[in-house]
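Subject: Handover of a structure and notes on its analysis

Dear colleague,

Please find below the structure that I am handing over to you.

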Amino acid sequence: MNDKYATATTALDIQKVDSFYGELQVLRKASLKLHEGEVVALFGPNGHGKSTLLKVISGIHPAVSGSIKYMGAEIAKTSSQKIVELGIAYIPEARNLFPDMTVLENLRLGAYNRRARGMVGENLEYVFALFPHLEERKDQIAITLSGGESRMLAVSRGLMSGASLLLIDEPSIGLSPITKKTVFGAIEKIKNETDITVLIVEQEVDNALKLAERVYLLKRGQVFLEKVADEISKAEIEKAYF
């Protein structure tokens with residue numbers, strides 16, 4: 001571990017979390033930490049528990065055992081609604097937009113929790129600065145958006161919640177190279193311009209590795225490697241997958 005993290009404030013502390021789907025164990029004593037304001041990438045093969053870990057953190061899927069602390073408070077048994085109010089936003093791979101509502105209506109619904117209601121105007125201004133294309137499409141029905149536009153809207157809706165921790169699942173999946181550049185450019189701006197902590201789950205290594213300050217590798221439900229991003233290569237990560 002790099003010395004710079006020795007005195008850093010811990011935003012998220014996950015210790016020995018187990019989680020199941022029925023009788024199938026997906027997470028096995030999974031442990032990791034995120035420091036306040038940093039970007040961390042979680043890599044690993046498909047089907048080995050990355051998305052499940054994000055769902056467990058956000059209260060959508062239960063942890064059977066272990067500890068999940070956010071800003072020092074235990075949240076492992078906390079409801080997903082309360083977790084959003086604490087400042088944690090989960091941005092799923094599937095987007096989960098309201099298809100028959102406009103872009104603007106989707107964004108405003110992202111601010112439904114008590115934490116965000118007083119910041120709607122400020123947060124709208126910020127997400128439109130991140131994604132000017134969305135402002136141009138603000139009156140467009142969500143179902144008519146392209147895949148890239150839908151991903152921009154999903155990220156923006158997470159920001160509308162007033163989040164201090166973003167959990168972003170596979171932001172690059174299904175996107176063109178140009179749109180990937182736009183989405184990861186926005187995440188880089190969030191990193192450079194705010195104190196928001198970001199955990200990115202990714203299958204494609206390149207973009208996330210460039211952004212991350214630290215990386216974890218997860219395989220068969222276990223976190224088996226942690227490194228400062230500058231000290232690990234794409235080849236090492238992909239070799240560890242297999």
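Predicted model: local features only at pLDDT ≥ 70, side-chain atom pairs only at ≥ 80, totals over all residues.

Residues are numbered from 1 along each chain as its sequence is written, and side-chain values use heavy atoms, with hydrogens and water left out.

**The sheet**

Helices (H or I, at least four residues) and strands (E, at least two) are DSSP runs, numbered from the N terminus. Two strands are taken to pair if DSSP finds at least two bridges between them. On that basis, there is an open sheet of 6 strands with mixed pairing, in the order β6-β7-β8-β3-β9-β10. Its edge strands, each pairing on one side only, are β6 (88–91) and β10 (222–228). From one strand to the next, the twist averages 15°.

Strand β8 (residues 197–202) is largely enclosed by the rest of the structure, because 6 of its 6 residues are buried. Here, buried means under 20% relative accessible area, exposed means over 50%, and partly exposed is in between (1.4 Å probe, protein chains only).

Strand β8 runs parallel to β3, to which 5 bridges join it; V40 has L199 in β8 as its bridge partner. The pairing of β7 with β8 is also in the parallel sense and extends over 5 bridges, with V201 in β8 as the bridge partner of D169. Strand β3 (residues 39–43) pairs with strand β9 (residues 214–219) in the parallel sense over 4 bridges, and A41 stands opposite V215 in β9.

Helix α6 (residues 147–160) lies across β6 and β7 (165–169) and runs at about 170° to β6. The axes behind such angles are lines fitted to C-alpha atoms, for helices over the stretch in contact, and the angles run from 0 to 180 degrees between N-to-C directions.

**Salt bridges**

A salt bridge is counted when a side-chain nitrogen of Lys or Arg is within 4 Å of a carboxyl oxygen of Asp or Glu. The whole structure contains 8 salt bridges. Three of the pairs are described here.

- E38 and R214 form a salt bridge in which the closest N and O atoms are 2.5 Å apart. E38 lies in the loop between β2 and β3 and R214 in strand β9, so this pair ties together parts that are 176 residues apart in sequence. Both E38 and R214 are buried. A network of salt bridges links E38, R214 and E226.
- D18 and K29 meet through their side chains in a salt bridge (3.1 Å, N to O). The pair links distant parts of the chain, D18 being in strand β1 (residues 10–21) and K29 in strand β2 (residues 24–35), 11 residues apart. D18 counts as buried at 8% relative accessibility, whereas K29 is partly exposed, with a relative accessible area of 49%.
- R137 and E149 also meet in a salt bridge between their side chains (3.4 Å, N to O). Because R137 lies in the loop between α5 (132–136) and α6, and E149 in helix α6, the pair ties together parts that are 12 residues apart in sequence. R137 is partly exposed, with a relative accessible area of 25%, whereas E149 is buried, at 9%.

**Two buried residues**

T52 lies in helix α1 (residues 50–57) and counts as buried at 8% relative accessibility. With neighbours within four places in sequence left aside, T52 is in contact (heavy atoms within 4.5 Å) with S19, Y21, V26, L27 and H61.

S58 is placed in the loop between α1 and β4 (65–70) and counts as buried at 6% relative accessibility. Under the same exclusion of neighbours within four places, S58 is in contact with S80, I83, Y90 and L167. S58 and K69, 11 residues apart in sequence, are 11 Å apart in space, C-alpha to C-alpha.

**Surface patch**

F98, M101 and L109 make a nonpolar surface patch of about 230 Å². Patches are made of residues with over 30% relative accessible area and no salt bridge, like charges being joined within 9 Å and nonpolar side chains (Val, Leu, Ile, Met, Phe, Trp, Tyr) within 5 Å. Accessible areas come from the Shrake-Rupley method with a 1.4 Å probe, and for residues only the protein chains shown count as cover. L109 is located in helix α3 (residues 103–109) and counts as partly exposed at 32% relative accessibility.

With kind regards
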